[in-house]
Amino acid sequence: MSRAFVALGSNLHDPQNQLRQAFDALAQLPDTTLVAHSSLYRSPPMAGMDQPEYLNAVAALDTALAPLALLDALQGIENAQGRERELRWGARTLDLDLLIYGDQAFESERLTLPHYGLAERAFVLIPLFELAPDLVLPDGRQLTTLLAQCPPQPLFRL
Ligand code: ROI
């Protein structure tokens, strides 16, 4: 079993419901336990400004799925909730990003671990901090250090 963290984001078609449905779907993944999820947070879009505000959260999973199998499963949930392949920074019904998988550092065309955008995104770091305040990344960086260095962004806990 590996502890993995997944970021959830939605800004279309009832985002609160999208995230709740996604928590349920994560809880039902094979060989996987949904350990916890953070509060929901509202924030203005970072990049691609001309779109609705986002709801974001982070989930902690214990999983026996390998990283790419977990990525496939996450994309299956996105598709099941009506995600269409859209513009790179466009609005979306549901975005599931695999942030961290155990202590693995990994890079391939499909997947980079830890997630490349982690350190710049308060809407990821703050919910992650709720779940794992003592987290240390595979490269030794502490979550608290990333948080202290992250550019400030407006973020409202629901
Ligand atoms: N902005 C916020 N606040 N939350 C997101 O989940 C999010 N996702 C994205 C972009 C467009 C970069 N901006 C975002 O993909």
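**Figure 1. Met46 and Ser43 at the ligand.** A backbone N or O atom of Met46 lies 2.7 Å from a nitrogen atom of the ligand. A polar side-chain atom of Ser43 lies 2.7 Å from a ligand nitrogen atom. Both are polar contacts, that is, pairs of N or O atoms within 3.5 Å; within protein, one must be able to donate a hydrogen and the other to accept it, and residues adjacent in sequence count only if both atoms are side-chain atoms. The model is predicted: local features need pLDDT of at least 70, side-chain atom pairs count only at pLDDT 80 or more, and totals for chains, interfaces and linings use all residues. Residues are numbered from 1 along each chain as its sequence is written, and side-chain values use heavy atoms, with hydrogens and water left out.

**Figure 2. Arg92 and the cover over the ligand.** An N or O atom in the side chain of Arg92 is 3.4 Å from an oxygen atom of the ligand. Taken alone, the ligand exposes 360 Å², and the protein buries 96% of that. These areas come from the Shrake-Rupley method with a 1.4 Å probe; for residues, only the protein chains shown count as cover.

**Figure 3. Residues around the ligand.** Which residues are around the ligand? They are Ser43, Pro44, Pro45, Met46, Gln51, Tyr54, Asn56, Trp89, Arg92 and Phe123. Each has a heavy atom within 4 Å of the ligand.

Figure 4. Strands are DSSP runs of E of at least two residues, numbered from the N terminus. Two strands pair if DSSP finds at least two bridges between them. Strand β4 covers residues 54-63. Nine bridges link β4 to β1, and the two run antiparallel. Here Arg3 has Asp62 as its bridge partner in β4. Strand β2 (residues 32-37) pairs with β4 over five bridges, also antiparallel. Leu34 is bridged to Leu61 of β4. Strand β3 (residues 41-43) joins β4 through three bridges, antiparallel. Tyr41 has Asn56 as its bridge partner. Nine of the 10 residues of β4 are buried, so the strand is largely enclosed by the rest of the structure. Buried means under 20% relative accessible area (1.4 Å probe, protein chains only).

**Figure 5. Strand β5 beside β1.** Strand β1 (residues 2-10) and β5 run antiparallel, joined by six bridges. Val6 has Leu98 as its bridge partner in β5. Why is β5 (residues 95-101) described as largely enclosed? Seven of its seven residues are buried, so the rest of the structure largely encloses the strand.

Note on methods: Buried < 20%, exposed > 50% of the residue type's maximum accessible area, 1.4 Å probe, protein only. Helix = DSSP H or I, 4+ residues; strand = E, 2+ residues; numbered from the N terminus.
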